Amino acid sequence: MSAFLQCAGCKKILFAAEFEQNLRVCQYCGHHHRLPARDRILLTFDPDSFVEMDAELRSGNPLQFPDYQEKREAAEAKTGSFDSIVSGYAALGGVRVVTAVSDFAFMGGSMGSVAGEKITRTLERAAEERIPAVIFTTSGGARMQEGLLSLMQMAKTTAAVQRCNEAGAPYICVFTDPTMAGVLASYASVADVILAEPKALIGLAGARVSKQAGVSKIPDDFQTTEFVFNHGLIDRIVPRKELRNTLVSLVRMLGNAA
Amino acid sequence: MAAKSWKEWEKPLIELEDALAKLVERSKIAPEAERAEIEAKVAEYERRRDHYIDVMYSRLGPWEKVLVARAEKRPYTLDYVQALFTDFIELDGDRRYGADHAIVGGPAMFEGRPVMVVGHQKGRNIQERQYRNFAMAKPEGYRKAMRLFEMANRFGLPVVTFVDTPAADPGVESEARGISEALAASMLRMFELRVPTISVVVGEGGSGGALAIAVANSILMQEHAIYSVIPPEGCAAILWRAPEKAPQASAALRLTAQSALELGLIDEILPEPRGGAHRDPAEAAAIIREALRTELSDQSKRTGDQLKAERYEKFRAMGHLISPPVEQPPLIA
């Protein structure tokens with residue numbers, strides 16, 4: 001790794017060591033760069049508390065979709081995981097939680113059968129054990145290479161949220177850049193508490209699609225964290241360095257009844 | 001070169017049908033002497049038409065299915081409502097922001113029994129299409145649907161939904177008012193229902209906008225309807241940066257009813273009349289009627305808890321995993 005890199009937001013040159021220490025947030029413009037799932041887990045949860053579950057789950061190529069196998073294998077090599085979600089048990093300030101963290105590096109964090117199954121199991125565990133679920137999203141949406149199977153993961157994961165609601169298990173979702181389409185329009189948007197990192201891309205359809213649909217005036221902040229916050233669609237904008245403390249407080253207060 | 005629209009694809013057939021119609025008109029006013037000849041020609045045209053239909057519709061590829069599913073002559077939700085139900089009273093409004101005409105709904109009688117009907121509604125001409133926003137519902141539409149689902153649940157009415165939308169509305173206003181939350185919340189509400197639920201995909205099952213009202217115990221699809229995670233044009237644009245490759249994308253996406261059944265994601269394919277639902281809407285409705293009757297009587301034997309649990313299990317099982325799934329956690333009491 002080189003000693004310097006360029007901020008994706010303001011293009012200024014940053015010291016790699018300082019950048020890592022700053023949780024990959026630009027010290028000049030505050031741009032939150034994407035985090036690999038395992039790094040996110042390390043900096044969020046209590047040290048050594050994470051126990052991974054369901055790591056063995058792997059997708060096939062049920063539609064025999066062109067190039068899917070190759071793309072997935074490349075993503076596996078890049079991330080060291082079988083799919084876009086890393087999930088398991090962890091602790092936050094001593095409170096036992098279940099978690100699932102999406103990795104954008106794995107095919108854009110897209111949700112196919114495996115991601116859907118992992119999210120569902122995570123939420124079902126929260127419901128069954130009545131412990132908080134903390135999920136970090138970063139995803140372009142449903143994975144089109146698994147076609148309708150991917151679409152149905154939206155319903156499946158949402159059903160599991162409904163189970164948490166009935167069981168009284170708190171569910172906190174943290175939107176990180178980007179949180180889009182089929183993921184936003186399913187389990188992500190029906191969390192009890194929704195936090196988001198600053199300036200993340202958050203929306204149903206890409207801005208290009210909106211333009212194609214004849215939408216003429218697109219505001220500058222369209223589909224950003226700030227846009228959805230100002231429209232009352234999320235609870236709080238939380239900078240990365242404050243996320244852990246915010247989550248600890250939330251699970252301590254909301255996870256008590258469980 | 002693949003046809004771009006249903007009209008283009010069916011052109012030879014439509015021309016033949018037009019010629020046939022003219023011939024039939026002529027035979028009515030023709031002098032006695034010519035009549036026999038014209039009638040022979042009519043018979044010949046009919047034979048050719050049936051042959052065309054059989055050839056074209058016996059090997060519909062995925063892209064042709066897309067064209068037929070989008071055909072502007074295809075019966076829409078309100079056509080089926082009129083054919084299948086009596087006493088339909090449309091209820092409107094989300095009680096929060098506005099009216100949305102891309103989704104219609106209300107109570108109606110089905111063979112002597114009240115049900116709650118909800119469906120996407122397309123328009124047939126320019127004015128209607130604008131009024132219906134091309135069946136692309138905004139958050140208000142889905143929130144109205146949710147209100148009707150909840151009402152049905154309270155009063156013990158089975159829910160019947162008709163799915164026919166290209167997608168949820170992607171505009172700025174919809175984003176500002178939380179279209180994604182509306183879609184997710186609608187699914188969540190459907191999982192709470194303790195009444196029979198049946199969804200019929202009658203045209204385009206366009207991704208989240210379709211699924212949001214299709215979380216049902218029975219999911220039926222008409223023979224030439226489609227159901228897809230993404231429009232084929234969007235898929236082609238992302239994969240190959242070439243929206244014109246939509247025909248290839250529709251094959252890759254396996255968006256036909258036949259594929260959905262093979263993947264175990266729908267329960268039944270409802271056959272369509274010869275040459276598609278648009279050639280005989282009454283017959284298409286009769287086939288749906290038969291299926292609704294069976295499903296309703298079947299689901300009505302179950303308790304609300306059973307229906308809710310079975311709906312959960314149904315969607316819980318959807319997915320394709322290589323590793324064997326571990327046993328799932330027991331039901332929460």
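Predicted model: local features only at pLDDT ≥ 70, side-chain atom pairs only at ≥ 80, totals over all residues.
Residues are numbered from 1 along each chain as its sequence is written, and chains are lettered from A in the order in which they are written. Local features need pLDDT of at least 70, side-chain atom pairs count only at pLDDT 80 or more, totals for chains, interfaces and linings use all residues, and side-chain values use heavy atoms, with hydrogens and water left out.

The predictor assigns the complex an ipTM of 0.95 and a pTM of 0.94. Chain B has a mean pLDDT of 93, with 96% of its residues at 70 or more. Here pLDDT is the predictor's confidence in each residue, from 0 to 100.

Chain A splits into domain 1 (1-33) and domain 2 (35-257). These bounds come from an automatic or database domain assignment. The C-alpha centres of the two domains of chain A are 24 Å apart. Six residues of domain 1 are in contact with 10 residues of domain 2, contact meaning heavy atoms within 4.5 Å. The area buried between these domains is about 670 Å². Buried area is the accessible area (1.4 Å probe) that two parts lose on being put together, summed over both. Carbon and sulfur atoms give 56% of the area between the domains. L23(A), R24(A) and H32(A) supply 75% of what domain 1 buries against domain 2, more than any other three residues.

One salt bridge is counted between the domains. The term requires a side-chain nitrogen of Lys or Arg within 4 Å of a carboxyl oxygen of Asp or Glu. R24(A) forms a salt bridge with D39(A), with the closest N and O atoms 3.3 Å apart.

The interface between chains A and B brings 61 residues of chain A into contact with 54 residues of chain B. It buries about 4900 Å², and carbon and sulfur atoms give 71% of that area. On the chain A side, M144(A), L148(A) and R163(A) lose the most area to chain B, together 14% of what that side buries.

Three salt bridges are found across the interface of chains A and B. In one salt bridge, the side chains of E117(A) and R316(B) meet at 2.9 Å, N to O. Helix 5 of chain A gives the most to the side that touches chain B, with 19 residues. Helices are DSSP runs (H or I, at least four residues), numbered from the N terminus.

Key
Helix = DSSP H or I, 4+ residues; strand = E, 2+ residues; numbered from the N terminus.
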